[in-house]
Amino acid sequence: MHQRKIIHLDCDCFYAAVEMRDDPSLRDVPLAVGGAGGRGVVTTCNYRARAFGVRSAMPGSEARRLCPGLVTVPPDMARYRAASQQVMAILREMTDLVEPLSLDEAFLDVSDITDHKGSATLMARYLRERIHREVGITVSAGVAPNKFLAKIASDWEKPDGLFVIRPEDVDLFVRRLPVEKLFGVGQVTAGKLHALGVETCGDLQAVGPEVLVDRFGKQGYRLHEMAHGRDERPVVVSRIAKSISVERTFSQDLPDRSACETVMAALVADLNLRLTRKARQKPIHKLFIKIRYSDFSTHTLERVREHIKEPGFEDYLPLFKELVGDKDRPVRLLGLGVRFRNDDAPVTQLRLFD
């Protein structure tokens with residue numbers, strides 16, 4: 001069977017991280033997002049606040065009792081959503097197989113990616129560096145053969161950590177894993193397992209599936225599978241791509257239209273490469289082109305082109321000529337893309353708490 005390579009990425013104290021990024025004076029204080037006033041609850045807090053025992057979903061009054069110097073800021077969901085979109089866009093440049101779980105975490109299936117020598121560890125390192133550089137926050141990553149282990153791994157060296165569980169390490173890793181770490185095991189289930197003498201997944205392996213199913217019903221079988229480090233759930237892509245585009249920014253401006261046309265040929269080739277990677281060939285609805293001039297003014301043009309399967313240079317040339325007219329102006333950025341015909345993209349659920 002084909003060995004999956006899964007990366008789980010989780011932004012560290014996401015809302016608080018965005019606040020500390022935008023206001024450096026908040027970096028050196030215990031910070032909570034939400035929880036001001038008498039009845040509010042903390043949605044996220046930074047690691048300084050966590051050191052005092054402050055946790056997400058805790059009433060603000062209790063948080064201030066534990067940490068008298070706590071600084072609170074109100075949540076700004078629009079700003080967090082914008083940062084999240086930046087993060088997800090970086091992930092989707094690597095693969096279309098991205099499953100966001102919330103604004104601040106996602107699974108990626110990188111089994112078939114050949115970039116970065118095909119190494120999921122190198123891919124995770126690259127994504128963490130890019131997000132840090134471009135979004136200004138840190139993310140922790142876990143790399144493993146399945147979703148369950150990747151999620152545990154991303155939590156292993158938080159914050160700003162990268163932890164890898166290779167296929168040959170799985171048995172040893174899960175045997176020592178405390179049952180509290182298993183997905184869906186809260187205090188109640190953990191208490192029942194402890195009563196059976198089960199502390200680790202190694203203990204859990206010894207119990208046997210029949211006993212577990214008898215005690216815990218359907219969850220018992222899941223516990224048995226997790227105790228052996230098994231998880232067959234695929235990465236589920238909830239978002240249907242509405243468009244695909246490629247663009248290039250030039251360190252030296254392109255001087256004229258003929259230079260632009262030379263570059264366009266290469267861009268069209270890049271675009272078609274991205275189109276073939278999408279397994280499902282979705283019907284193209286429009287072609288579009290984008291130009292940014294040296295004065296940073298940006299212009300776009302799109303035209304309905306329903307019959308095109310594989311857009312070529314000659315399909316974009318008329319749009320280019322229409323957009324630029326007959327003047328030569330220095331061009332800083334050139335981009336082109338396609339929009340697909342579909343209006344039924346599902347919406348990802350947003351979560352309030354970490």
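Figure 1. Two strands pair if DSSP finds at least two bridges between them. Helices (H or I, at least four residues) and strands (E, at least two) are DSSP runs, numbered from the N terminus. The model is predicted: local features need pLDDT of at least 70 and side-chain atom pairs count only at pLDDT 80 or more, while totals for chains, interfaces and linings use all residues. Residues are numbered from 1 along each chain as its sequence is written, and side-chain values use heavy atoms, with hydrogens and water left out.

**Figure 2. The antiparallel pair β2 and β3.** Strand β2 (residues 31-33) and β3 run antiparallel and are joined by two bridges. V33 has T44 as its bridge partner in β3.

Figure 3. H8 lies in strand β1 (residues 6-11). H8 is buried, with a relative accessible area of 0%; buried means under 20% relative accessible area, exposed over 50%, and partly exposed in between (1.4 Å probe, protein chains only). The side chains of H8 and E105 are joined by a polar contact of 2.6 Å. Such a contact is a pair of N or O atoms within 3.5 Å; within protein, one must be able to donate a hydrogen and the other to accept it, and residues adjacent in sequence count only if both atoms are side-chain atoms. Not counting residues up to four places away in sequence, H8 touches several residues, among them L101, F107, G142 and S154.

Figure 4. Most residues other than glycine have a negative phi, and most peptide bonds are trans. The peptide bond from K158 to P159 is cis, with omega near -10°, and P159 is placed in the loop between α6 (147-156) and β8 (162-164). A57, although not a glycine, has a positive phi of about 75°. A57 belongs to the loop between α2 (47-50) and α3 (60-66) and is partly exposed at 43% relative accessible area. F296, also not a glycine, has a positive phi of about 70°. F296 lies in the loop between β10 (284-293) and β11 (298-304) and counts as exposed, at 55% relative accessibility.

Notes: Contact means heavy atoms within 4.5 Å.
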